[in-house]
Amino acid sequence: MKNIYNYSIEDLENYFLTINEKKFRATQVYEWLYKMRINNFDEIKNMKQDVKEKLKEDFNLDKLTIVSKVQGQDVYKYLFKLHDGNTIEAVLMKQSYGNSLCVSTQVGCNIGCHFCESGKLKRIRNLEPSEMLLPILAIEADLNIRISHVVLMGIGEPFDNYDNVIKFINIINHPKGIDIGARHITVSTSGLVPKIEQFIKDGKQVNLAISLHAPNDEIRNKLMPINKVYNLSMLIKTIKKYIRITNRRVTMEYIMLKGINDSSECANELSQLLKGINCYVNLIPYNETSNSQFKKSNKENVMKFYDTLKRNKINVTIRKEFGSNLMAACGQLRANYKEDQ
Ligand code: SAH
Ligand code: SF4
């Protein structure tokens with residue numbers, strides 16, 4: 001039996017055609033799943049019993065169980081249990097512009113960035129589209145809210161699970177489904193160049209964020225092993241192509257690490273690197289992890305860095321911190337995101 005939340009509307013249309021039913025049944029199912037939020041197929045009112053019986057045979061509506069929920073100021077961190085016993089996190093942030101959910105895309109991550117908590121936990125497996133989507137339904141029901149924004153910035157590298165991630169985006173973006181606008185969805189990547197190329201071809205209208213974190217290869221190599229495969233010049237070249245073809249602005253994420261990438265030389269070098277590129281830099285206060293090698297920059301340095309970029313005419317914002325002692329333990333799944341587009 002297959003989980004119905006893995007299916008795009010087109011998949012369901014094909015399914016109904018194979019059982020000699022009309023395609024519009026797919027839209028009906030979507031409305032019952034995502035507008036009415038049913039828990040079993042019997043709740044569907046506008047469908048013949050034999051079709052419902054067939055749905056019951058072929059699909060399940062299994063949800064995820066909430067294992068724990070930790071609350072901070074304007075932030076809720078959830079832990080969910082998957083059907084195979086693995087757990088994943090999702091973080092809900094109450095922002096001035098709406099409710100934003102940070103979702104995970106894999107159990108663990110293979111990219112191994114040194115500053116990141118989930119880099120230590122090797123990838124166990126990719127998440128299915130339903131496992132990225134069901135936290136949305138669960139949290140909306142639990143808090144009695146609507147989620148308006150989704151950021152793929154939880155555990156995992158979204159572009160290392162490309163097909164499922166794109167399917168997930170298509171499902172939540174569909175007007176007959178949860179209907180989260182493409183411009184309210186942001187996917188973040190550590191810089192898998194061939195997958196960014198593919199993303200350009202697929203033409204998804206969602207926001208793209210790049211984990212840059214360094215102004216040159218020397219520093220980036222020390223932080224992110226992926227830079228030895230796809231270095232900055234390859235990455236920047238592909239980002240320029242993305243901007244040229246999509247006409248969209250890119251977010252450059254830059255974690256402020258004390259004594260590593262936060263000097264004024266780094267700020268000037270970064271300005272040079274990004275000159276003329278349609279992007280904005282999001283300076284991220286580092287969430288300290290169990291790796292004591294990395295410390296967060298002090299506020300003064302962050303402000304100096306910010307001012308230098310501004311002076312050099314680079315668009316820049318400082319990410320709002322949702323930091324409480326409670327949330328500091330969340331490791332990689334940073335409970336902070338500032339949208340400014
Ligand atoms: N794998 C993707 C998306 C998930 S990580 C990526 O790397 O882009 C989302 C963002 O959180 C990335 O910019 C990542 O560098 C950043 N991040 C990781 N660990 C962090 C920490 N301890 N504090 C602050 N940000 C962190
Ligand atoms: Fe993976 Fe992103 Fe963490 Fe790097 S920062 S280890 S790519 S989750």
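Let's start at Lys122, which touches Val107, Gly108, Cys109 and Asn110, leaving aside residues up to four places away in sequence; touching, or contact, means heavy atoms within 4.5 Å. Lys122 sits in the loop between β7 (106-107) and β8 (125-126). Helices (H or I, at least four residues) and strands (E, at least two) are DSSP runs, numbered from the N terminus. Although Lys122 and Asn110 are 12 residues apart along the chain, their C-alpha atoms are separated by 5.2 Å.

A word on what you're looking at: this is a predicted model, where local features need pLDDT of at least 70, side-chain atom pairs count only at pLDDT 80 or more, and totals for chains, interfaces and linings use all residues. Residues are numbered from 1 along each chain as its sequence is written, chains are lettered from A and ligands numbered from 1 in the order in which they are written, and side-chain values use heavy atoms, with hydrogens and water left out.

Now zoom out. The chain splits into domain 1 (2-60) and domain 2 (65-340), with bounds that come from an automatic or database domain assignment. Their centres, taken over C-alpha atoms, are 34 Å apart. Where they meet, domain 1 puts in 13 residues and domain 2 puts in 16.

How much area is buried between domain 1 and domain 2? It's about 1300 Å², with carbon and sulfur atoms giving 57%. Buried area here is the accessible area (1.4 Å probe) that two parts lose on being put together, summed over both. On the domain 1 side, Tyr5, Asn6 and Arg37 supply 43% of what that domain buries against domain 2, more than any other three residues.

Next come the polar links. Six residue pairs, both partners at pLDDT 80 or more, are in polar contact across the interface of domain 1 and domain 2. That term covers a pair of N or O atoms within 3.5 Å; within protein, one must be able to donate a hydrogen and the other to accept it, and residues adjacent in sequence count only if both atoms are side-chain atoms. On the side of domain 1 that touches domain 2, α1 (9-18) and α2 (24-35) are the elements that give two or more residues, and α2 gives the most, with five.

There are also three salt bridges between the domains (a side-chain nitrogen of Lys or Arg within 4 Å of a carboxyl oxygen of Asp or Glu). The structure has 17 in total by this rule. Asp11 and Lys167 form a salt bridge, at 2.7 Å from N to O. That pair links distant parts of the chain, with Asp11 in helix α1 and Lys167 in helix α5 (residues 162-173), 156 residues apart.

Finally, back to α2: Tyr30 and Tyr34 both lie in this helix, four residues apart, or about one turn.
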